[in-house]
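Please read it beside the sequence and the coordinates.

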Amino acid sequence: MSRYRPAHLATALVCVFLGLASATSLAAGPVPDDWQAVREQARGQTVYWNAWAGDTRTNGYIAWVAEQMAETHGVEVVHVKLDDTSTAVSRVIAEKAADNLDDGSIDLIWLNGENFAAMREHDLLYGPFAETLPNFALTRPANNPEMVTDFTLPTEGFESPWGKAQITFYYDSDELRGDSQEVKSPPDSIEALLDWSRANPGRFSYPRIPDFTGSTFLKQALIALVDDRQPLYAPVEESDFAKVTAPLWDYLDALHPHLWRGGRQFPDSGPALRSLMGAGELSLAFTFYPSEPAAAVADFELPASTRSYVLDDGTLGNVHFVAIPFNSPHKAGALVLADFLLSPVAQAHKQDLAVWGDRTVLDVAHLDDATRRLFTVDANNAAMLAPEALSRTLPEPHPSWMTALQEAWQSRYVAR
Amino acid sequence: MWLRLTPFVIVAVLVGPILAGVAMVLLPAFGYLPTLGGETFSLAPWRELLAQPGLARSVGISLASGLLTTAVSLVVVLLFLAAAADTRLDHWLRRAVSPLLALPHAAAAFGLAFLIAPSGLLARLFSPWMTGWERPPDLLIVQDSWGLSLMAGLIIKELPFLLLMSLAALPQLDAPRRVALARSLGYRPTIAWLKGVAPALYPLIRLPIYAVIAFATSVVDVAMILGPTLPPTLAVSILEWFHDPDLGKRFLASAGAVLQLGVTLAALLIWWWLECLARRLGRRWVVNGQRRGGERWLRLTGRSFLITTTLTAGLGLGGLALYSVAGFWRFPEALPTTLTLGHWQSALPALSSPVTTSLIIAASATLLAMLLTLAALENEQRHGRRAGKNGAATAPNRRVTAMTLLYLPLIVPQIAFLFGLVVLLESLEIRARLALVIFAHLLFVLPYVFLSMAESYRRFDPRWTRLALTLGHSPNGAFWRVRLPMLLAPLLTAAAVGMAVSIGQYLPTQLLGAGRISTVTTEAVSLASGGNRRVTGVWALVQATLPLLGFIIAMGLPRLLWSNRRGMQGAQ
Amino acid sequence: MTTTSHTLALEEVRLALGGRTLVEIDTLIGPGEVLTVMGPSGAGKSTLLAMIAGFLDPAFEARGQVWLRGRDITALPAEARGVGLLFQDPLLFPHLSVAGNLRFGMSRHMKDKNARIEQALHDVGLAGFGPRDPTTLSGGQQARVALIRLLLSEPAAVLLDEPFSRLDRQLRHEMRQLVFDRLRHAGLPSLLVTHDHEDAEDAGGPLVTLA
């Protein structure tokens, strides 16, 4: 507390209280155009990478990335472990509120969807930068629009793709073997899920809204239940929300009494679903990370009889990204890190089930043969989804739908 | 001379940041936060807040959990003390309770959750042979909508705290003599204690009780693990709003934080009002002449409740330990099918850095808190205190006000000022992360250290110091050579409490450290968000072990040092 | 008033609380002399001791001077006055050994500390008790250690605050003999506060009774 200079304190306070913090200042700190120069500038920098840390495999992978970066690029990477990405968003806001425009504490954030939309809206991100990354071309964005679209919003180069997620259902094949020893098949559609829940009361649930995974379930159900999906890909204000979502509420009203705890309580998060599966409280669950069930089997969390699948009509999928806050003091280092994350070596290592199992964003089919071989998926793991299954990907609706659905859900089901 | 400044330093250290933090939350609560486009003052955040579904219930649960947990804990503590005798069980209970104080709230809550969940340890122990459950029953136990499991989790932690505070205050009341007197008038011992000692004890533990109320109304981590979810308690809702990717929710969250402050104050007011009521009713009860009614019942309640609490905490810890080495563990097997050290092995390489950081922060914050507390108490002894007849102390009002401010960090909910504090420190360009985290911890460590040290310090027989002075030692000499060594045991206990408080801090570490300071608690909480019970078990145990080691040292060191000094063995 | 060495003089001392006078005393205690002050509880006996020793609570109004060895000690801090105190309880520091307790009171510059401690212990029949834990001593033994601790600190005057009241009859008599004997022998002016007439008789000095 003793180091501040009084004059400075006064100015700072005036700025904060009068709101004189300058409105937008994107490019703080010069970043050279030429990639070679960026690499040189990055050397010796320490990059603070804020990333959700609820998973030991993800953390392990990030630790591996840090080692590689130190060895090959001379950049020190520090994993700032978050329990929730919005903590990092809060921090950037606080820094901007305090007029800290060039010495922020975050250099790279792992994010997508709502968090990205919010940071873009409030000019909290540096960019555009994605196109300047040499490895970005390997994603072939022209042919894979999801690499430059985040929940329908064009990324405009303000974030760079890192991995892919898709709703994947999983169940214990032993559990579903009924008394008569005949295998009951898991539901293959949203409609079938309701019948299945009626037949197996208390054995399925989804995370409590506004949890990310839970909200995704709402969108999944909405997409399956509406006749016309077009309005979902435009801002929610442009359609009659009540009318469009009416089938969803009818569906949930019917579903809830048959859910775990009779729908009076919901699990906290996607990982909580997995934990309840492991404890035997649920027989069917879903995740955003297709490799999660297989990884959980390896970690003794789920039984070896766990199997994964996607719904017949496909499930929601999206890409997760990394972005650089506007006031990062180590932008060159962050750029080199973002580029390394897109390199075939890093992407292949990430996809390895023994490491993390997160799917690559590279367009593998267009890589050269030797590189492509790095991405061969182990087909022997029964808990792992076959790669073909993930081709049935439904795109995410406009982010405004998520917010609207969350609010409607809460006013409908909280504190009845 | 500098000694006289300590009270002012303490007040500046504690009150300044909190008031500043609250101010920085009040502005956005009324719509003002230019960075997010709030250029003018408005009541919009409050309108949005009041429109939140289930707000009334959130507030209700926060209030109820604050008041009920405190009431239950207090009643149990009083009943236990009333019925306590010199039996081995009671001695064991008193001893078993202090390590419970060291148990971080989050670890205790996880332990309880793993114990009482439908797929938890208890259900497994009795299934299927007794219950017939082949699958976990679909029962709403953990996170029940009435907040009962939340209250149970809080009681596990608050009961030991109030008990220790009472035990510390009791010796100045000369309870055995009061009880003996009442017994000679025909009162049964338990009733004698309740009528003769309890009314005098209460004022001495009032501040700790207020701290418990404030904590229980605004707790975040325990409520996240055990509290209701539809809606969650107010404090958890606020955190969710602060964390909402929709940045507009920050206004709502700020208004919520102000409301939380109001709820906590309301709980304190209600308690104060109940206090008045109880005093009026109690006065009649004390003198109604009833001497033995219900004694056995009272006696049993206190003790059995305390035993249950201790055992629950112990079993919970056992559950954590079991999960930390569990392979796959299908319900209803009471023990894991396979055991593995894998979870520990994968955690070990990651342990050393957060453990070191935790220890550095805890040691620094505790050391600072001890220095400030000792200076304040010593100053009070030398200047601020009047010795009445027989050395009994009468407190001048000045001390009472200054020391009430000390409890501000315990009474103002963390969420209500930490976010504002971050903005403020940012604007001052103070970015010494580690120092800031230590400072933030000091805010919470200081009151607890003061709370656990003040009684023994004030109760310390002033004749010892006078004797040292008449033997030619200066006041400083008397302090170093008499007071400090004779008070070593309570000082070490206070230090252990301080370490435990620091190690358990989550929000201040996360917010002021910009997430870059990684302690066992931040690691434990961020890993817990992954929902892996085994990993959670490992980290909750690590989190629980560190403060426990502190307590073991605090208890063992005086015994070791004074092994040939019988007068230093017992409680001072 | 004349003040000579080894004399404790209370010069027009008046102690009051809230305007009410508690004690008024003007006296002179010679070397080896024991002045006994008696009076009911609340008469201000302890306040008088506190004033002389330097612990007076600021709530009391005090007037007059205390002279010791020809010095006005009224404004001096307690540790600089050279006034020794003997309490109701022996108050042996529990964290120090018997010898440690004795050494605690001795001046830093005193020579042959160990020899003097041994001699002092021997004189009161406690030879070899130096390394003992004070808590393991009997009440009478503790009282004797407290006395020699006082004497080894070489005070210029001694205040006795009902030092015998907690001892049983037999021991009380013995201790009185020992204490008064020692004080006389050391030539110290002493002031004894007590309830017990026998104390006053054994002390053999002048008696002041407070109302």
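## A buried alanine and its surroundings

Leaving out neighbours within four places in sequence, B:Ala253 is in contact with B:Ile238, B:Trp241 and B:Phe242, where contact means that the C-beta atoms of two residues, placed from the backbone, lie within 7 Å. The model is a predicted one, in which local features need pLDDT of at least 70 and side-chain atom pairs count only at pLDDT 80 or more, whereas totals for chains, interfaces and linings use all residues. Residues are numbered from 1 along each chain as its sequence is written, while chains are lettered from A and ligands numbered from 1 in the order in which they are written.

B:Ala253 belongs to helix α14 (residues 249–286) of chain B; helices (H or I, at least four residues) and strands (E, at least two) are DSSP runs, numbered from the N terminus. B:Ala253 is buried, with 26 other C-beta atoms within 10 Å, on a scale where a residue is buried if 20 or more other C-beta atoms lie within 10 Å of its own, exposed if 12 or fewer, and partly exposed in between. B:Ser353 is 100 residues from B:Ala253 in sequence, and the two C-alpha atoms are 33 Å apart in space.

## Nonpolar cores

A nonpolar core is a set of buried Ala, Val, Leu, Ile, Met, Phe, Trp, Tyr and Cys residues joined through C-beta atoms within 7 Å. The largest such core has 313 residues, of which A:Ala323, A:Leu337, B:Ala113, B:Leu162, B:Leu446 and B:Val449 touch the most other members. Helix α20 (residues 433–459) of chain B gives the largest share of this core, 17 residues. Not counting residues up to four places away in sequence, B:Ala113 touches B:Val142, B:Ile225 and B:Leu226. Another core, of 55 residues, lies apart from the largest one and has A:Ala165, A:Phe169, A:Leu222 and A:Ala383 among its members.

## Contacts between chains

Of the 2 pairs of chains that touch, chains A and B have the most contacts. The contact takes 64 residues from chain A and 55 residues from chain B. On the side of chain A that touches chain B, α4(A) supplies the largest share, 11 residues, and by class that side has 29 nonpolar, 19 polar and 16 charged residues. In this classification Ala, Val, Leu, Ile, Met, Phe, Trp, Tyr, Cys and Pro count as nonpolar, Asp, Glu, Lys and Arg as charged, and the others, Gly among them, as polar.

Helix α4 (residues 85–97) of chain A has 13 residues and reaches 19 Å from its first C-alpha to its last, close to the 18 Å expected at 1.5 Å a residue, the expected span being 1.5 Å times one less than the number of residues. In α4(A), 13 of its 13 residues are buried.

Between chains B and C, 21 residues of chain B are in contact with 22 residues of chain C. The largest share of the chain B side, 6 residues, comes from α21(B), and the residues of that side divide into 10 nonpolar, 6 polar and 5 charged. No contact joins chain A and chain C, and their closest C-alpha atoms lie 36 Å apart.

## A helix pair in chain C

Helix α4 (residues 139–152) and helix α5 (residues 169–186) of chain C pack at an angle of about 10°, with their axes 11 Å apart. That makes α4(C) roughly parallel to α5(C), the word being used for angles under 35 degrees. The axes are lines fitted to C-alpha atoms, for helices over the stretch in contact, and angles run from 0 to 180 degrees between N-to-C directions. The residues of this contact divide into 8 nonpolar, 2 polar and 2 charged.

## Backbone exceptions

Most residues other than glycine have a negative phi, and most peptide bonds are trans.

| Residue | Phi |
|---|---|
| A:Asp99 | about 65° |
| A:Asp123 | about 55° |
| C:Glu162 | near 45° |

A cis peptide bond joins A:Ile209 and A:Pro210, with omega about 20°, and the bond from B:Leu230 to B:Pro231 is cis with omega near 0°.

Definitions and conventions. Angles under 35 degrees count as roughly parallel, over 145 as roughly antiparallel, 65 to 115 as roughly perpendicular and the rest as oblique.
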